[in-house]
Each structure stands twice: as structure tokens, then as C-alpha cells.
Amino acid sequence: MNLRLILVFTAFSLGIAQPLGAQLWRQRDSLLHISLQHRQDTTGMLALMDVGKLYLEYRADSAEHFIRKALSKANRLQFGSGIARAEINLGYALINQAKYDEAYEHTQKGLIWAKKEGAIKLQVAALVNTANICLYRGSNFKVIEAYEQALYLVHHHPEVLPPHYPLAIQNNLAMVYNGISLYREALKILRETLKKGEEGGLSSVVVQSLQHHAEAYLGLQLQDSATWCYEKLIPMCRDLGENVVLAGALSNLAEIKMKQGRIELSKRYYQESLNLSLQTRDGINQMYSLHGLGLVALNQGNWNEAENFVKSALKLGIEQKAGAYTFALYQTLSYLALARGQIDAYRQYFSMYQSGRDSVQNEKLIHVLQELETKYATKEKELRIVQLTQMQQNQRRLALGAFVLAILVGIVGWLAWRNQRNRKKLAEQVLQLQEQKFRELEQEKQLLAADAMLKGQEEERRRLSRDLHDGLGGMLSGIKQSLMVIKANPEMPEQGAQSIGRTIDSMDQSINEMRRLARNLMPEALLKFGLKDALQDFCDHLGNSTPMQIQYQTFGIEQRIPEGQEVIVFRIVQELLNNVVKHAKASMVLLQLLRDGQRFSLTVEDNGVGIPEDTLEKAQGIGWANIRSRVDYLNGQLDIRSKPGQGTSINIDFVLN
């Protein structure tokens with residue numbers, strides 16, 4: 001079972017959500033009475049909105065009804081701050097009904113009105129609403145942008161908002177970083193919020209910070225640190241009555257204890273989490289706790305009890321629209337069926353798990369690609385705007401110069417015949433200088449765009465490699481260990497044991513393929529030890545997988561070169577050696593790296609079939625295009641020498657930054 005990321009959003013007392021009290025009906029009737037007494041003024045409008053706010057957390061549809069009435073009255077009265085408040089509150093009510101597009105529209109209207117009125121509190125509230133909407137939509141970059149804008153306002157107007165508001169927003173920002181696996185960035189923020197929350201006696205900030213601390217440590221596989229956070233968090237939640245957070249913390253701590261083999265303690269924590277979730281009617285946490293109890297029963301060999309727990313969790317997951325988590329439940333049911341020798345049931349559940357998992361992975365991949373496309377398209381657009389602006393300014397300068405020149409020609413026209421030749425030469429020189437300047441500016445913009453693209457690609461490769469190795473790799477290894485435990489069960493039928501054995505073999509193949517993909521995306525040796533060791537590791541791996549002999553020589557590269565150039569050189573070598581394997585039919589290849597001061601030289605030679613000259617000139621494959629673009633980015637020189645039947649020699653020279 002995956003550890004749960006509990007989403008706790010900042011509750012702002014900025015004229016937005018207010019908690020329901022025991023005197024709800026009396027408050028509602030009193031406010032409605034005030035609204036009737038003040039039909040034509042702002043007091044009545046604010047009273048109507050306060051009625052809607054009473055329902056925000058519990059009856060979002062009723063809240064929407066009253067807030068829309070308040071918004072209509074504010075528009076009639078042209079009450080600017082009232083319109084802003086109503087639009088933002090309406091957005092909050094629509095969020096609670098999962099109407100995210102409509103919520104975003106009203107929240108942005110509220111933000112515009114808040115800016116017009118200079119209302120800092122309302123601007124912060126609108127930005128937090130925006131962040132929550134984008135979080136539900138899965139647009140992580142926009143979530144971070146909205147939170148950072150809110151923090152900017154809070155830090156520049158400390159007198160407007162209480163001190164716990166920026167800390168609460170920072171905690172939420174750290175939660176988003178956890179969600180996109182930037183755990184160390186999250187911890188940088190959380191250390192500050194925990195320290196300031198404890199110094200200021202802000203218990204709600206401390207609770208939220210400890211919660212996200214634990215999640216970051218779990219993402220970094222630091223279970224002892226996560227346990228410390230949960231053991232500090234749980235007593236605080238008991239004292240403060242934070243039962244929703246308490247249930248999630250107990251569920252996560254129970255999973256840690258189960259991995260440590262402390263089954264009875266894990267069972268006790270899961271049961272307490274389930275009891276709390278039933279009290280708070282938290283269906284999602286009930287699902288996690290039931291699944292955990294099912295896994296405990298599975299570990300203890302109580303098949304019927306395990307099946308009842310997991311099926312109850314699956315029913316809740318479908319009702320709560322838990323999405324991807326329901327596929328983990330199908331996976332557990334498939335293991336349970338396999339352990340009981342129910343092969344048909346195992347195949348049915350495992351097929352449902354696989355189809356759901358593939359669907360979720362495809363959706364995540366599409367979303368990541370869309371976000372990246374939007375991100376880079378925006379950067380390209382900004383660069384183009386700057387370029388066009390500069391061109392317009394240069395055109396104005398040229399027009400002004402031509403006008404001044406015409407006046408001067410008119411004044412000294414009688415000297416034109418004598419100076420005509422000199423003026424013509426001067427004009428040509430000026431034009432050449434301007435054209436050269438335009439070319440330099442264009443080249444500079446292209447380099448900036450190329451740098452942004454290459455950095456983005458390498459960062460994404462690095463993140464995907466880390467997610468594959470740390471996340472998926474650990475999960476697959478854990479599944480393999482569970483299957484091996486089930487296979488070792490003496491009560492396992494022979495047919496079931498054989499099926500498990502085949503599944504374990506397939507799992508080994510998947511783990512090896514995943515590791516190969518992670519190594520190709522971003523070799524760990526490159527990040528930790530540098531170019532020399534990374535290429536040695538790559539050559540060893542390539543030599544073991546092919547009959548080709550690889551000679552690797554280095555001179556003068558004991559010290560590391562800049563990281564960006566290391567990555568580019570590694571990619572070039574990777575592409576060149578892969579080309580040798582695919583096309584050269586060589587039995588031997590030489591890779592040589594030489595550094596002389598700031599000069600760097602790279603040579604790859606093979607004894608293969610060679611490349612015909614006409615074929616080399618027409619080579620337009622993606623591999624050659626990537627090599628040439630990276631060499632151009634390094635301002636390097638690419639020299640290729642090859643003859644059919646006599647092998648190929650490729651040399652690249654460039655100057656280190």
C-alpha cells in the first residue's frame with residue numbers, strides 16, 4: 001500500500017470560510033433577518049454572504065445558493081470589495097463541489113476586483129483558492145506559482161495578516177513539492193515553518209509541518225526520521241482533537257511498523273486509524289486503514305479475514321472515486337487469490353490491476369508532456385516578444401537616422417557631389433555593422449533557447465531516472481519479496497507455485513529493464529563521481545552486452561569539468577558509441593578523452609565498415625542531428641574521417657567554460 005499524502009489546505013479567516021458552530025440555525029436566522037432589514041445596502045449583502053459561509057464546509061450547494069444572491073446584490077450596489085469577497089467565496093464553494101473550471105473563473109474575477117480595491121487579504125485568499133484548484137487539476141507548476149505570489153504579498157504586507165498565514169502557505173508549498181518528489185526542497189521550507197511555529201506557539205502550523213516532514217522523509221526512504229515525526233505528531237493531534245490528521249498519521253506509521261515486522265503494533269495502529277475515520281466519516285482514510293488491516297491479515301495467513309478487509313476497502317475506493325489506489329487493491333486481491341490457489345481469480349484481479357495501472361501511467365505521462373509543452377512554449381513566446389521589441393526599437397532608430405540624414409543632405413546639398421562616394425562607403429559599413437549586430441542578437445537568443453531546452457531535458461531525465469529507480473524499483477523489489485514469501489508457503493499448491501515462479505522471473509526481467517532505462521536516462525555515476533567514472537561504467541556495461549571490445553583512455557581529466565558540459569559530453573559519447581554498435585559492425589572501438597588546460601578533445605575510432613562520403617554528407621538521422629546540435633552548443637569543432645572498409649574516426653574539440 002502506498003503511503004498516503006494528506007492534503008491539508010490553509011483555512012483563511014479572510015472573510016471566506018468560517019467554522020460551523022452549535023448555534024448554526026440561530027446564526028442563520030439572525031443573518032437572514034438582517035439581510036431583509038437592509039435590502040438596499042451593503043450590510044444586507046454581507047449578511048447574505050455570511051449565511052453562505054456557514055454552509056461552506058458542510059453543504060456546499062446551499063453555500064453556493066446564498067453566495068450567488070450576495071454577489072448579485074453586490075453587483076447592483078457596485079460594491080467593489082463585496083464583489084471580490086463574493087466571487088472568492090463562490091469559488092471556494094464550487095471547489096467543494098468539484099466544479100473546478102467554474103471555480104477558477106469566479107476566483108480570477110475575485111482576484112481582479114481585489115486588486116482594483118487594493119485588498120491584500122482578498123488577493124491572498126484568491127491566490128490560495130487558485131492554488132487549490134490547480135492542485136486538483138494536477139497543474140503543479142501553476143500551484144507553485146500561485147503560492148509564491150501569495151507569499152510575496154504576505155511578506156511585503158506583514159501588517160495586514162497574522163504571522164501564521166505565511167507559515168501555513170509555506171507548508172502547503174512544501175506539500176506540493178512532496179507531491180512532485182522534490183523532497184529536499186520541501187524539507188528546506190518545512191524546517192523554517194517548524195522552527196517558527198514552535199517559537200510562536202502556533203500548534204496548527206507545527207502539526208501541518210510535522211505531517212509534511214514525515215511525508216518528505218518517507219519519499220527519501222528515511223523511515224527512522226519519518227517515525228520520529230509521526231511519534232511527535234500523534235500526541236499533538238490527540239491533544240488538539242485533530243482526528244483527520246491523526247488517522248492519516250496512524251495509518252502511515254502502521255505501514256512503517258509492518259515493514260519492520262512489528263505486525264501486532266501495526267494492526268493496533270491500523271485499527272485505531274479505522275475507528276477515528278469512522279467517527280469523522282473520512283471515507284478515504286477508512287479505505288487506507290481497511291487495506292492495511294487486510295495486509296496484516298495476509299501476513300498472518302488469515303486469508304478470509306484479509307479478503308473481507310480488502311474487499312471492504314475496494315468498495316469504499318469505488319464509492320470515494322479513489323482512482324489509482326483502487327488498482328493497488330486489485331493487486332492485493334490477486335496475491336490473496338494466488339496464495340489460496342485460486343488461479344482464475346488471480347488472473348482476473350491481476351488483469352484488472354494491470355489495465356488500470358497502464359491507464360493511470362498513460363494519463364500521468366500525457367499530463368507531464370502537456371505541462372512541459374506549455375512551459376517551453378511560454379519561454380519561447382517570451383523570447384520571441386523580446387526579440388520583436390528589440391527589432392522594432394532598431395527600426396525606429398534607423399528611421400530617425402534616415403530623417404536626420406535627409407535634413408543634413410538638404411543643408412549641405414551643394415557639397416553632395418564631392419562627398420557622395422565617402423557617404424556611400426560609410427552607409428555600407430553602418431549597414432554591415434547593423435546586420436552583424438542583428439545576427440549576434442539572433443544567435444544569442446537561439447543559444448538561450450537551446451540552453452533552456454537542454455537544461456529542461458536533462459532535469460526531466462534526472463527526475464524520471466530517480467522516480468524509476470527509487471520509486472518503481474523499490475515497489476517492484478517489494479512485490480518480488482512478497483511473492484517469494486508466498487511461494488515458500490508449504491501449503492501452496494504446485495500449480496500456484498509454478499505460476500508464482502514465472503511471475504518472479506517476469507518481475508526480475510522488469511526490474512533489469514527498469515534499471516537499464518534509469519541508467520540511460522541519467523547515470524548515477526555521472527551525478528556522483530563525474531564524467532570519467534560515468535563513461536567507464538557505460539563502457540563496461542556496453543562491453544558486457546555486446547561482443548565488441550572497447551578501449552577507454554583518459555588524459556588530464558582527474559578534476560571534474562562544469563556539470564552542464566559533463567552531461568553534454570556524456571550524451572555525445574553515448575550517441576556515438578550506440579551508432580558504432582548499431583551500424584559499424586566493428587570488433588574494436590577506441591574512446592579517448594584529453595584535457596589540456598581549458599582545451600578538451602574527444603575521439604571515437606572503430607575498425608568497422610566505415611561511412612561512404614556521400615552517405616555521411618546526407619546523414620539526417622536524429623542521432624547525428626543531436627550530436628551536431630550539442631557540438632554547436634559547446635562552440636566546438638566536429639571532424640569526421642571515414643572510408644568504406646577502413647573504419648571511422650570522429651574527433652570533437654572545444655574550450656571549457
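Is Lys-196 buried, partly exposed or exposed, and what is its relative accessibility?

Modeller: Lys-196 counts as partly exposed, at 41% relative accessibility. The model is a predicted one, and the values that follow are computed from it.

The partner of Lys-196 is Glu-192, with which it forms a salt bridge; the closest N and O atoms of the pair are 2.8 Å apart. Glu-192 is likewise partly exposed, with a relative accessible area of 32%. Both residues belong to helix 9, which spans residues 183-199, and because they are 4 residues apart there, about one helical turn separates them.

This pair may be set beside others in the structure, for a search of the whole model finds 14 salt bridges. One of them joins Glu-64 to Arg-68, with 2.9 Å between the closest N and O atoms. Here too the two residues lie in one helix, namely helix 3 (residues 60-77), at a spacing of 4 residues, or about one turn. As to accessibility, Glu-64 is buried, its relative accessible area being 13%, whereas Arg-68 is partly exposed at 31%. The Glu-64 and Arg-68 pair also belongs to a network of salt bridges that links Glu-64, Arg-68, Lys-99 and Glu-102.

A further salt bridge is formed by Asp-639 and Arg-641, whose closest N and O atoms lie 3.1 Å apart. Asp-639 is partly exposed, with a relative accessible area of 32%, while Arg-641 is exposed, with a value of 60%.

Gly-636 is buried, at a relative accessible area of 14%. Not counting residues up to four places away in sequence, Gly-636 touches Val-631, Asp-653 and Phe-654. Val-655 is 19 residues from Gly-636 in sequence, and the C-alpha atoms of these two residues are 7.2 Å apart in space.

To return to the request, Lys-196 is partly exposed at 41% and is held in a salt bridge with Glu-192, about one helical turn away in helix 9.

How values were computed. Residues numbered from 1 in each chain as written. Predicted model: local features only at pLDDT ≥ 70, side-chain atom pairs only at ≥ 80, totals over all residues. Heavy atoms only, no water. Salt bridge = Lys/Arg side-chain N within 4 Å of Asp/Glu carboxyl O. Buried < 20%, exposed > 50% of the residue type's maximum accessible area, 1.4 Å probe, protein only. Contact = heavy atoms within 4.5 Å.
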